[in-house]
Amino acid sequence: MRYFARAFVAVALTFGSAPAVLAAGDSEAGAELASKSCSSCHALPAASAGADIAPPFANIARDRKGDRAWVRTWLMNPHPPMKGLNLTRSQIDDIIAYLESLSADEPH
């Protein structure tokens with residue numbers, strides 16, 4: 001019985017801490033990537049406008065605040081206008097960190 005308890009604790013510790021490690025990203029790298037790769041359609045916070053078909057990054061950050069899984073899934077399976085976009089997991093983490101930095105600037 002002790003074996004199962006120890007095994008359960010080991011599994012819980014391993015998987016319980018994994019999302020935090022995997023979700024760590026660099027918001028500055030995410031901002032740079034967004035500026036280079038996404039700003040032709042998505043308006044950056046400092047920009048006055050983007051394409052009419054894509055929501056501004058500030059809106060995505062506000063609407064998806066705290067919903068990393070949705071953003072990750074969206075970026076891993078891009079919709080038609082973004083079909084050629086192939087981001088690494090690290091780049092996705094950076095974009096998520098960037099969006100979180102934008103939503104952190106908003107009042108709660």
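**Close-up views of the cysteines and the cavity**

**View 1. Cysteine 41 is partly exposed.** In this predicted model, the relative accessible area of cysteine 41 comes to 27%. Its closest cysteine sulfur belongs to cysteine 38, 8.6 Å away, and that is too far for a bond.

**View 2. Cysteine 38 counts as buried.** Here the relative accessibility is 16%.

**View 3. The structure has zero disulfides.** A disulfide is a covalent bond that joins the sulfur atoms of two cysteines. To count as one here, a pair of cysteine sulfur atoms must lie within 2.5 Å.

**View 4. One cavity of 30 Å³ or more is found in the structure.** The largest cavity holds about 90 Å³ of space. Helix H3 (57-63), helix H4 (68-76) and helix H5 (89-104) are the elements that each give two or more residues to its lining. H5 gives the most, with four residues.

**View 5. Meet the residues that line the largest cavity.** Along the lining you will find Ile60, Ala61, Arg64, Lys65, Gly66, Asp67, Arg68 and Val71. Ile96, Leu99, Glu100 and Ser103 also belong to the lining. By type, the lining divides into five nonpolar, two polar and five charged residues.

Definitions and conventions:
Residues are numbered from 1 along each chain as its sequence is written. This is a predicted model: local features need pLDDT of at least 70, side-chain atom pairs count only at pLDDT 80 or more; totals for chains, interfaces and linings use all residues. Side-chain values use heavy atoms; hydrogens and water are left out. On a 1 Å grid over the protein atoms alone, a cavity is a set of points where a 1.4 Å probe fits but cannot get out, and a pocket is an open set with protein on both sides within 12 Å along at least five of seven lines; lining residues have an atom within 4 Å of a point. Grid points are joined across faces, edges and corners, and a volume is the space filled by probe spheres set on the points. Ala, Val, Leu, Ile, Met, Phe, Trp, Tyr, Cys and Pro count as nonpolar, Asp, Glu, Lys and Arg as charged, and the others, Gly among them, as polar. Buried means under 20% relative accessible area, exposed over 50%, partly exposed in between (1.4 Å probe, protein chains only).
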